[in-house]
Amino acid sequence: MQSVSIRPPSRLPLRLRAVAEAVPAAARSVADVGAGDGQLARCLAARGLLVVATERRPASYERLCTALPHFDCRQGEGLEVLRPGEVEGAVLAGLGGHSIARILDASPAVARALDWLVLQPQQHPDQLVAWLEPAGYLVRAMSTAAQGRHSYTVLLVTGHERP
Ligand SMILES: C[S@@+](CC[C@H](N)C(=O)[O-])C[C@H]1O[C@@H](n2cnc3c(N)ncnc32)[C@H](O)[C@@H]1O
């Protein structure tokens with residue numbers, strides 16, 4: 001857990017900046033699923049959020065723990081490392097659209113208990129958007145972030161029944 005003061009990364013890439021901006025201003029806790037090198041997790045913690053940072057494979061999990069020594073880091077597949085209601089929201093950034101859909105589909109109890117999700121599909125954003133509505137999600141906001149020659153879609157999503 002973050003019991004020490006966390007310094008934000010000095011320069012968050014534009015893609016991750018757009019993801020961080022999509023996280024609701026009043027958010028208190030978040031899971032960063034597939035946190036990679038931990039840059040986004042560090043930024044969100046510096047904003048005051050309680051952050052659970054996850055990675056799937058042992059080697060990437062070890063790197064994440066090294067990058068985020070005072071964080072709650074967990075190793076495992078998608079949302080399986082979380083208990084329902086444990087965090088308010090989740091970020092899935094830099095994964096493919098199909099992988100994001102598979103992760104949400106595989107853990108319905110955890111996914112349904114989330115107040116919001118910020119999704120940044122690296123590939124197949126249109127397929128992910130088409131999947132979300134019939135799967136019970138509403139896209140509340142969509143933006144694009146340009147970085148280099150690439151344009152990235154960032155989605156703020158809630159369940160249908162959320163106000
Ligand atoms: C391209 S990186 C993105 C890292 C970071 N989220 C970002 O946006 O910069 C994707 C990360 O997700 C992790 N990942 C892929 N599938 C996953 C899964 N099912 N559960 C947890 N992590 C996963 C990979 O190990 C990798 O570190």
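This report describes the sheet, the helices packed on it, the core, the ligand shell and a few single residues of a predicted model.

Residues are numbered from 1 along each chain as its sequence is written. Because the model is predicted, local features need pLDDT of at least 70 and side-chain atom pairs count only at pLDDT 80 or more, while totals for chains, interfaces and linings use all residues.

## The sheet

Helices (H or I, at least four residues) and strands (E, at least two) are DSSP runs, numbered from the N terminus. Two strands pair if DSSP finds at least two bridges between them.

Seven strands make up an open sheet with mixed pairing, and their order is β3-β2-β1-β4-β5-β7-β6. At the edges stand β3 (72-75) and β6 (137-147), each of which pairs on one side only. On average, and with direction ignored, neighbouring strands of this sheet are turned by 20° against each other. Axes here are lines fitted to C-alpha atoms, for helices over the stretch in contact, and angles run from 0 to 180 degrees between N-to-C directions.

Two of the pairings can be followed in detail. Strand β5 (residues 116-120) pairs with strand β7 (residues 150-159) in the antiparallel sense over three bridges, and V118 has L156 as its bridge partner in β7. Strand β1 (residues 29-33) and β2 pair in the parallel sense over five bridges; here the bridge partner of D32 in β2 is A53.

A residue is buried if 20 or more other C-beta atoms lie within 10 Å of its own, exposed if 12 or fewer, and partly exposed in between, with C-beta atoms placed from the backbone. Both β1 and β2 are mostly covered: in β1 four of the five residues are buried, and in β2 five of the six.

Residues are in contact if their C-beta atoms, placed from the backbone, lie within 7 Å. Helix α3 (residues 58-67) packs on the sheet and touches β2 (50-55) and β3; its direction makes about 175° with that of β3. Helix α1 (residues 14-22) also packs on the sheet, touching β4 (89-93), β5, β6 and β7, and its direction makes about 150° with that of β6.

The buried residues of α1 are R15, L16, A18, V19, A20 and A22. They pack against α2 (39-46), β4, β5, β6 and β7.

## The core

A nonpolar core is a set of buried Ala, Val, Leu, Ile, Met, Phe, Trp, Tyr and Cys residues joined through C-beta atoms within 7 Å. The largest one has 49 residues, and V19, L40, L44, A90, V91 and L92 touch the most other members. Leaving out residues up to four places away in sequence, A90 touches V30, A31, V33, L79, L114 and L117.

## Single residues

A18 is in helix α1, Y137 is in strand β6, and L114 lies in the loop between α5 (108-113) and β5. The contacts in the table do not count residues up to four places away in sequence.

| Residue | Other C-beta atoms within 10 Å | Contacts |
|---|---|---|
| A18 | 21 | S143, A145, Y152 and V154 |
| Y137 | 24 | L132, V157, T158, G159 and H160 |
| L114 | 25 | G89 and A90 |

H124 lies in the loop between β5 and α6 (125-132). H124 counts as partly exposed because 17 other C-beta atoms lie within 10 Å. Its phi is near 55°, a positive value in a residue other than glycine. Most residues other than glycine have a negative phi.

A residue is near a molecule if its C-beta atom, placed from the backbone, lies within 6 Å of it. The ligand is surrounded by 17 residues, of which G34, G36, R56, A93 and G94 are the closest. The elements giving two or more residues to this shell are β2 and α4 (97-106).

By class, the shell holds six nonpolar, seven polar and four charged residues. Ala, Val, Leu, Ile, Met, Phe, Trp, Tyr, Cys and Pro count as nonpolar, Asp, Glu, Lys and Arg as charged, and the others, Gly among them, as polar.

Definitions and conventions: Two residues are in contact if their C-beta atoms, placed from the backbone, lie within 7 Å.
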